[in-house]
Amino acid sequence: MSPIDRIRSYAPGAGRLPARASLPSDAPRISLDGEWAFRLHPAVPATDEVPDPSTGEGWGAIAVPGMWQLQGHGSPAYTNVRFPFPVEPPVVPDANPTGDYVRTVTVPEEWVGQEAVLRFEGADAHLTVWVNGELLGWSTGSRLAAEFAVGHLLVAGENVVVARVSQWAASSYLEDQDMWWMSGLFRSVSLQLRPAGGIDDVFVHADYDETTGGGRLLVEAAPLARISVEELGLADVPAGTAVEIASVEPWSAEVPRLYEVVVATDSETVTLRVGFRSVRIDGDVLKVNGRPVLLRGVNRHEWHPDTGRAVDADTMLRDVLLMKTHNINAVRTSHYPPHPDFVRLCDEYGLYVVLENDLETHGFEPNGWRQNPSDDLRWRDAYLDRMTRTLERDKNSPSVILWSLGNESGHGRNLAAMAEWIHRRDPSRPVHYEGDWDSGYVDVYSRMYATHAEVDAIGRHEEPLTVDPALDAHRRSIPFVQCEYAHAMGNGPGGLTEYQQLFEAYDRCCGGFVWEWIDHGIRQRTPDGTEFFAYGGDFGEPLHDSNFVADGLVLPDRTPSPGLLEFKKVVEPVRTAIDAGTRQVVVTNLHEVRTTAYLSFGWSTSEGGEATGAGTLDVPEVGPGESVTVALPPLPAATADAEVTVSAVLAADEPWAPAGHEVSWGQAEYASRPPVDVLAFATPARVDGDSYAVGPARFDRGTGRLRSLGGVEVLDAPALVVWRAPTDNDMGYHGPNQLAVEWRALGLDRMVRRLELVEEQSAGLRLRERYAPAAADVALLVTQSWSGTGDALRLRVDVEPEGGWPVVLPRLGLRFSLPAAVSDVSWSGLGPGESYPDSVRAARLGRWSSSVDGLQTPYVMPQENGHRSGVRWAELTGGGTAGLRVEGSPEFGLTVRRWTSEQLTAARHTPDLVPGDRVWVELDLAQSGLGSASCGPGVLPAYQLPAQPRSLTLRFSTV
Ligand code: IPT
C-alpha cells in the first residue's frame with residue numbers, strides 16, 4: 001500500500017498485534033518517553049523512504065508525550081460538530097501535516113532473539129512505524145493503544161525507532177469529538193520484552209454475589225499461569241479455574257476495596273488490583289452489587305492548558321481528587337478511552353466509569369447524516385477494531401461499569417455490531433450509547449440535555465414514542481441515564497437541584513453526567529505577559545466554534561468554578577435538614593453502601609455575621625438509605641439575624657482528603673432580622689447652594705443626582721440597570737432559548753433615562769425617572785425616595801413596568817460608581833462565592849469579605865459573574881478614606897467590579913477587562929436565573945424575572 005492509500009484506507013491499520021489488557025508486569029520495559037528528533041511535513045510524503053534526521057534540514061527536538069501544535073509546530077484548531085475539511089470520506093485534504101519522530105533506544109544484549117513489542121498508548125491520528133529501517137505497520141485510533149511485534153528486528157545496543165504521524169486520515173471521520181484538533185505522540189511509547197511463556201493477556205472475572213456476600217474469581221490467562229490472592233488464601237490456582245470465595249468485601253465507588261491478584265508463569269508475573277463487584281440491570285434499575293446506583297457524574301475530556309491531551313500523572317490524580325472532594329462518584333470518559341492510568345486511579349479512589357469508545361461521527365449530521373460511517377459496512381472493521389481495543393485494554397478495571405459505543409455517531413449496523421460483540425465478549429457490563437434512542441442493542445436508555453419535564457416523563461415511563469414503535473417496549477423498560485446534562489459553559493449551569501430531585505425521585509433514573517469537567521482553554525500570554533486562555537478562533541482558524549470549547553466545571557487551570565461548588569452541594573451524599581422551629585436535624589444518608597460512621601458532625605452559630613458558638617453534634621450511625629432525627633443542643637440566645645449550621649466532615653483521613661474535609665452541610669436561620677428602621681428618616685431636604693442636602697448626602701439641584709454621601713464621593717449617581725453581560729447560557733447557542741438575542745433586540749443594553757421629576761418633600765427628596773430603549777414603547781418607571789438623618793440616608797426604590805413587556809429581564813438593579821480607591825468588600829448574606837437564583841445552593845449565610853478583584857470569576861469568555869445573593873448589608877472600603885455601608889430591606893444582590901456590564905459584554909478574553917478610574921456597584925432588586933441554554937433547557941419559570949412592580953429599601957451610611 002502506498003502511503004496515501006494507507007491514509008485513505010477504511011481499514012484501521014496493518015501489522016499490529018491483537019489488543020490486550022493494560023498489564024502491570026515485571027517483564028523488562030524501556031520507556032521511550034522524552035526527547036525525540038522531529039520534523040513536520042506539510043503533506044504526507046509520497047514514498048516510504050525512512051526518515052533520517054542526519055540527512056538534512058528541518059529537524060529539531062520534540063517532547064513525547066506531547067502534541068506538536070503546542071510545541072511550536074502548526075497551531076491548534078477548534079470545531080465542535082463540523083469537520084474542518086470537506087466531507088468526502090475516506091479522503092482527506094492534501095494539506096496533511098505529518099510529523100516524523102525519530103529516536104534511538106539502547107537494547108540490552110539479553111533481549112536479542114526474544115519477543116518484544118513496541119507499544120504506543122496514543123498517536124493522533126495516523127501512525128506508521130519503522131524499526132531499524134523496517135516498516136512494521138500502521139495504525140489509527142488516536143486514543144487507543146497500538147502494539148507492534150519488534151523482537152526480530154532488535155539488536156544489542158542502539159536501535160532506531162521511527163514514527164510518522166499524520167494529522168488527517170480516513171479515521172478522522174470517526175474522530176469528530178468536540179475538542180481541539182491536535183496531533184502527535186501524545187501518550188507514552190515503550191518497548192517491552194515479551195518473555196517466552198509469558199502472560200500476554202489476562203481477563204479477570206471477579207463477581208460479587210450480594211445475596212451471599214461471596215465472590216467468584218475466574219482469571220483467563222496463558223494456560224500455564226497460576227493465580228494467587230494472598231489475602232483470600234488463594235495460591236497457585238490454575239488459570240481458567242473458577243474459585244468460589246465464601247466472603248469478600250465488594251468494590252464500589254464509595255468503598256473501592258481492591259485485592260491484589262498475582263498471575264504468574266515461570267517467566268513473567270503480572271500484578272493486578274482487582275475488585276469484586278456486580279453490575280446488573282434489574283427491571284428498570286441499574287444496580288451495582290445489588291443496590292440501585294445514582295450516578296453523580298461528569299464528562300471528562302483529557303485536558304491540560306499547556307500540554308493539551310497529553311496529561312501527566314499529577315494532573316490525572318488532581319482530577320480524581322477534585323472529583324472525590326466535590327462529591328462526584330462517576331465519570332464518562334467522553335469521548336474516548338483516557339490514559340490507562342486514569343482508569344486505574346478510578347479503581348483505586350472509587351469512581352464509577354462509563355468507558356467510551358474513541359468514536360464520534362457528528363460532522364455528518366449537518367449534512368443530514370449522509371455517508372455516515374455508522375451504517376456503511378466498509379467501516380465495520382474500523383468500528384469493531386476500536387471497540388475491541390477499548391474493551392480489551394481496561395477490561396480488568398472494576399470501576400468500569402458500562403461500555404459506551406461512542407458519541408454522536410447517528411444510527412447504523414456498525415454500532416449494533418459493536419454492541420453485539422461486547423455482549424459476547426463481556427456480558428458482565430451493560431452497553432451504553434446515546435445517539436440512537438430506538439436502539440434495541442443497548443442496555444440503558446441514554447439521553448443528553450433532556451429537559452426537566454422530559455426526565456420527569458421518562459422517570460414515569462411516559463416518554464413519547466420515538467421513531468420506531470417496534471422498539472418502543474425495549475427502550476421504555478430499561479434504566480435511564482442522562483449521559484450529558486447541565487451544560488457547564490461559562491456562568492452556570494442553573495437548575496441542577498431540580499434535576500437531582502428527579503434523579504432521586506425515580507428508580508428508573510440512575511443519574512447523569514454534567515457536561516463537562518474542564519474548560520479546554522489553551523494558556524497564552526499577551527505581549528505584556530498577562531496570562532489568558534485561548535479558545536476557538538484565537539489561532540486564526542477559518543472555521544471554528546469559538547468558546548464552545550470552554551464549558552467545564554473547572555477553569556482551564558483546574559480552579560473550581562462556582563458551578564462545581566454548586567454541584568458538590570446539590571449531589572451531597574448526606575443531607576442535613578435543620579428545622580429552626582423544633583431545633584431538630586434530620587440527617588439522611590444517600591449513600592449506596594456507606595454508613596455515616598466515617599463522618600463527624602458539628603454545629604456552629606452566628607449572630608449578625610459574628611460567630612457565637614460551636615460544638616460537636618452526636619449523630620448515631622445512619623445506614624445507607626436511612627435517616628435519623630437528632631436534637632440540636634441549646635443554642636446561644638440570639639435576638640436577630642442568627643443562623644445555625646450543621647456540617648459533616650471526614651472523621652479521619654481518607655485516601656482522597658484529610659480529616660476535617662467537609663462533605664455536606666445544612667443551615668437554618670433561628671432568629672430573623674428586623675427590617676431597616678423607616679421611621680428614623682424624616683428630615684426634609686435642604687437647599688444648599690446648587691445642591692440639596694438630605695441627611696449626610698448632597699444631590700445635584702438640577703438633576704437630582706446623588707453626588708456624595710458623608711465623606712464618600714459618588715461619581716455616577718444611582719441609576720436603574722437591567723443589563724447583564726450575557727452569559728453563554730443567556731446566548732443559548734444550541735437551542736430555542738436565546739434570551740440575550742431577545743434582550744438585544746429590544747435594546748436592554750441601551751436603555752435611555754429621562755428624568756420626569758425632582759421633588760423636595762417634607763421627608764426628603766423624590767426622583768421620578770423613566771427608562772426605555774429607543775424604538776420601544778415599553779418602559780420601567782423608577783421612583784427614588786431619599787430621606788436622611790444626621791448620619792444616614794434611606795432610599796426606597798420602586799420600579800413599575802409600563803406597557804406590555806415582551807421579554808423577561810436579565811436583572812433589575814441600581815448602579816452607581818465610587819472612586820477606584822475602593823478595594824475591599826465585606827458583607828453579611830450568602831457567600832462566599834457568587835450565586836444566582838437557580839444556582840445558590842452552595843452559598844451559605846455568613847459574614848464574608850473579599851477584595852474587589854477577588855469577587856470576579858475569570859470565565860474564559862468574560863460574561864456576567866460575581867453576583868452575591870441575599871445580602872443584608874455590605875461595606876465598601878479602601879484607600880484610607882471613609883467607606884460606604886449599605887443595608888437592605890429586604891436583602892439585595894451585590895455586584896462590585898472595576899468595569900461596567902457594557903465593558904464586560906464587549907470583552908472577548910480576560911485581559912480585555914481593564915480597571916478604570918472607578919468602582920461600579922450594582923445593588924439588585926432581583927436577578928434572573930442562569931439555566932443551561934448554551935446547550936439545554938433555559939431558565940426554569942420559577943427563576944425567570946418578568947417585568948413586574950418591585951421595591952427595595954436601602955440604608956446608606958459611612959464607615
Ligand atoms: C454534545 C456532544 O456530545 C458533546 O461532545 C459536546 O459537544 C456537547 O454537545 C456540547 O458542548 S452534542 C450537542 C449538539 C447536543
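Q: Buried means under 20% relative accessible area; on that scale, is Arg386 buried or exposed in this predicted model?
A: This is a predicted model, and the label rests on the computed relative accessible area. Arg386 has 2% relative accessibility, and the cut-off for buried is under 20%. So Arg386 counts as buried.

Q: Which residue forms a salt bridge with Arg386?
A: Side chains of opposite charge can pair when their charged atoms come close. For Arg386, which sits in helix H4 (residues 380–394), the closest N and O atoms of the pair are 2.9 Å apart. The partner lies in the loop between strand S11 (157–166) and strand S12 (179–181), 211 residues apart from Arg386. At 4% relative accessibility this partner counts as buried, and its name is Glu175.

Q: How many residues apart in sequence are the parts tied together by Arg82 and Asp545?
A: The side chains of Arg82 and Asp545 meet in a salt bridge, at 3.0 Å from N to O. Arg82 lies in the loop between strand S5 (77–79) and strand S6 (98–107), while Asp545 lies in the loop between strand S33 (531–534) and helix H9 (562–570). The pair therefore ties together parts whose separation in sequence is 463 residues.

Q: What is the relative accessibility of Asp545?
A: Let's look at both partners of that bridge. Arg82 is partly exposed, with a relative accessible area of 32%. Asp545 also counts as partly exposed, a class that lies between the buried limit of 20% and the exposed limit of 50%. For Asp545 the value is 21%.

Q: How many salt bridges does a search of the whole structure find?
A: The pairs above are among them, and so is Arg523 with Glu531, whose closest N and O atoms are 3.2 Å apart. Glu531 counts as partly exposed, at 34% relative accessibility. The search of the whole structure finds a total of 81.

Q: Which residue in S17 is the bridge partner of Arg226?
A: Strand S16 (residues 226–229) and S17 run antiparallel and are joined by three bridges. Their hairpin has four residues between the strands, and Gly233 takes a positive phi near 70° there. S16 also pairs with strand S19 (residues 259–264) in the antiparallel sense, where Ser228 stands opposite Val262. Back in S17, the partner of Arg226 is Pro238.

Q: How far apart in space are Gly240 and Gly581, C-alpha to C-alpha?
A: Gly240 lies in the loop between strand S17 (234–238) and strand S18 (243–245). Leaving aside neighbours within four places in sequence, Gly240 is in contact with Leu218 and Val219. Gly581 is 341 residues from Gly240 in sequence, and their distance in space is 63 Å.

Methods:
Residues are numbered from 1 along each chain as its sequence is written. This is a predicted model: local features need pLDDT of at least 70, side-chain atom pairs count only at pLDDT 80 or more; totals for chains, interfaces and linings use all residues. Side-chain values use heavy atoms; hydrogens and water are left out. Helices (H or I, at least four residues) and strands (E, at least two) are DSSP runs, numbered from the N terminus. Buried means under 20% relative accessible area, exposed over 50%, partly exposed in between (1.4 Å probe, protein chains only). Contact means heavy atoms within 4.5 Å. Two strands pair if DSSP finds at least two bridges between them.
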